[in-house]
Each structure stands twice: as C-alpha cells, then as structure tokens.
Amino acid sequence: MSWRSRRRLELHAEECPDCSLGIRALRALLRLLGGGSDPSEARAPAGIFDRVRADAARPEAGAGESEAP
Amino acid sequence: MSRAVWSPVSANTPEHELIGRARAGDVGAFEALAEVHAGRLYDVALRILGDAVEAEDVLQETLLRAWRGIRRFEARAAVFTWLYRIAVNESNRALERRRARRANVPVDEEAVAVPTPSSDGPASHAERRELREALQLAIGQLSAPCRTALVLRDIEGFSTREAAEIAGVGEAAFKSRLHQARLTVRALVGDAALVASAG
C-alpha cells in the first residue's frame, strides 16, 4: 500500500470510530501477511500464461472465441 | 476468426497497438499487455484467498478469460481496470467454491476470536500467526461485494473512484459496502485483540 493510501486510511480511522478498529485489523493483517504490502513488490509465479498458450494452440483458436469473462 | 499467432513484441510497443494485435489473435501481444499487471493481479487474488496455490490458479484463469474476451474489451476502459475486475470476480468465485466444499463444516467461533497479543515474548510468533489466520478467516466470511470493497480499498490501496470502477458499482454503493465490511471485520475479530495488536 502506498504512503498516500495508508495516510488516507489513517485519516478515515481517526474520523470514523465505527471503522477504526476494522482498519486497525487490516493494518495488522498487512504487516503480518508475508511482510511487504507494496503492490510494486508483487511477483506473479512462472507459467501464468500456460492456459492462454494452450488455448491459443488449439486449431482455429483465437482471441475472443470463447465465453466472455 | 483467424488462427492465433505469435509475433515479436518490442518493449516500446504502445498499449493501443498491443490491444489491436491481441484482438487479432496475437498471443505475444496479449502476454505483453497483461504481463505488466500480473504481479498485482496475483497479489489481489492472494489477498482474497490467502492461499498461493489457489491464487495462481485464479491468475491463470483470469488471463485465460481475458484472452478469450479481448475482442470484446472496450478500449475506452483501462486494461488494468478490466483485468482487475476479472481477477476479483474469479477470486470471489474460487472462494465461493471453497465455501461450498466446506459447507458442512460449522464455523468455529473460537478460531475467529483472536487472543490479545502480549509483548514480543516467546509466544508472540504464535500469537501473530493466529492473528493472521483469524483476520484471513474474517475476510473469508465477508460477502463477495464486501470482501471486494475491503480488499480493493483498504488492502490494495485504490482510491474510492478506482475501486468502485473495478467493482463495477457507483461510489456511493461502494462506500456502503466498504463500511459494512469494516464493521463486519471488527465484529468478527474482536475489539480488545485489535486494540492490543494494532496499537
């Protein structure tokens, strides 16, 4: 989470007693879930396009041929 | 429909060109388009599901659905927003499937309740693990709309406008969901433990 987002959250927590403890819970969760929570640090695992490639390799396959997302 | 192709993509290829090529069936262009967002897509799936294996499965399914739907992608929307919306929907579906598998297992209230953490003593590591598990469980208890709001806004750090767009609702409705989600997390986890753990 960026500094700006974190600050926004803290400001809301100060202004909204109802939410403040829920927000604290989330901050605790962020600290505890695998360390850093900066989205730029996120790394996708390898092989994420395997299904796309398999789909594309089908005869007559192409983008947009199957169901909508 | 023409057969899928794979042509080289340079690092400087503009996004609109990648979109056009991907729509024409160019897998390389699609991968270049999606790859820059893959880390954050994986991250949001991991936040919602709390399980790396399931998150990877969701990411693969997200990309497959995006590939199959790229021709219907409306270029006026941001690619990032579009991909994120698919990832959030897929994550919620995966969580619902998990819930269905465990439908006959009653929720353990004691598992949700968190012990009040003490100082950094020998027991703190176990307490932190329990807190993490309890919070993940609490998030898992939320309805899909509330969970989506909470993860996008409070965990991923999107602005209300961005998060509402990804969730596909108006800002007022999004704020209502977010508020409800925060209250639910608070109720599930318990005030005393949170004051001690977050203070």
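1. A helix here is a DSSP run of H or I covering at least four residues, and helices are numbered from the N terminus. I166(B) sits in one such run, helix α8 (residues 160-167) of chain B.

2. Overall content of chain B. Its secondary structure amounts to ten helices and zero strands, in the order α-α-α-α-α-α-α-α-α-α along the sequence. Of the 199 residues in chain B, 43% are buried. When contacts in chain B between residues at least 6 apart in sequence are taken, 55% of them join residues at least 24 apart.

3. Overall content of chain A. This chain has three helices and zero strands, running α-α-α from the N terminus. Buried residues account for 35% of its 69 residues.

4. Confidence in chain A. The mean pLDDT of chain A is 67, with 32% of its residues at 70 or more. Helix α2 (residues 17-32) of chain A has the lowest confidence, a mean of 63, and helix α3 (residues 50-57) of chain A the highest, 92. Across residues 34-40 of chain A the pLDDT is below 50, and this stretch has six contacts in the model beyond near neighbours in sequence. Where pLDDT is low, predicted coordinates should not be read in detail.

5. Domains of chain B. The chain is split into domain 1 (1-105) and domain 2 (107-199). Ten residues from domain 1 of chain B and eleven residues from domain 2 of chain B take part in the contact. On the domain 1 side, the elements giving two or more residues are α2 and α4 (79-101) of chain B. The largest share of that side, six residues, is from α4(B). By class, the residues on the domain 1 side are five nonpolar, three polar and two charged.

6. Nonpolar core. The largest nonpolar core has 61 residues, and A45(B) and L59(B) touch the most other members. Helix α2 (residues 27-49) of chain B supplies the largest share of this core, 14 residues. Domain 1 (1-105) and domain 2 (107-199) of chain B both contribute residues, so the core lies between them.

7. Which residues does L59(B) contact, leaving aside neighbours within four places in sequence? They are A44(A), I48(A), A38(B), L41(B), Y42(B) and A45(B). The helix in question, α3 (residues 52-69) of chain B, has 18 residues and spans 25 Å from first C-alpha to last, close to the 26 Å expected at 1.5 Å a residue. Its buried residues include A55(B), V58(B), L59(B), L63(B) and W67(B), and among them are also Q60(B), R65(B) and R68(B). The cover over the buried residues of α3(B) includes α3 of chain A as well as α2 and α4 of chain B.

8. Helix α8 of chain B. The buried residues here are A163(B), A164(B), E165(B), I166(B) and A167(B). They pack against α4, α7 (144-155) and α9 (171-189) of chain B. Just after α8(B), G168(B) adopts a positive phi of about 80 degrees.

9. I166(B) in detail. Is I166(B) buried or exposed? The cut-off for buried is 20 or more other C-beta atoms within 10 Å; I166(B) has 27 and therefore counts as buried. Not counting residues up to four places away in sequence, I166(B) touches T81(B), Y84(B), R85(B), V88(B), L152(B) and F158(B). Of these, T81(B) is 85 residues from I166(B) along the chain, yet their C-alpha atoms are separated by 5.5 Å.

10. D154(B). This residue belongs to helix α7 of chain B. D154(B) is buried because it has 29 C-beta neighbours inside 10 Å.

Definitions and conventions:
Residues numbered from 1 in each chain as written. Chains lettered and ligands numbered in written order. Predicted model: local features only at pLDDT ≥ 70, side-chain atom pairs only at ≥ 80, totals over all residues. Core = buried A, V, L, I, M, F, W, Y, C linked by C-beta atoms within 7 Å. Buried ≥ 20, exposed ≤ 12 C-beta atoms within 10 Å, placed from the backbone. Domains from an automatic or database assignment. Contact = placed C-beta atoms within 7 Å. Nonpolar A, V, L, I, M, F, W, Y, C, P; charged D, E, K, R; others polar. pLDDT = per-residue confidence, 0-100. Expected span 1.5 Å × (residues − 1).
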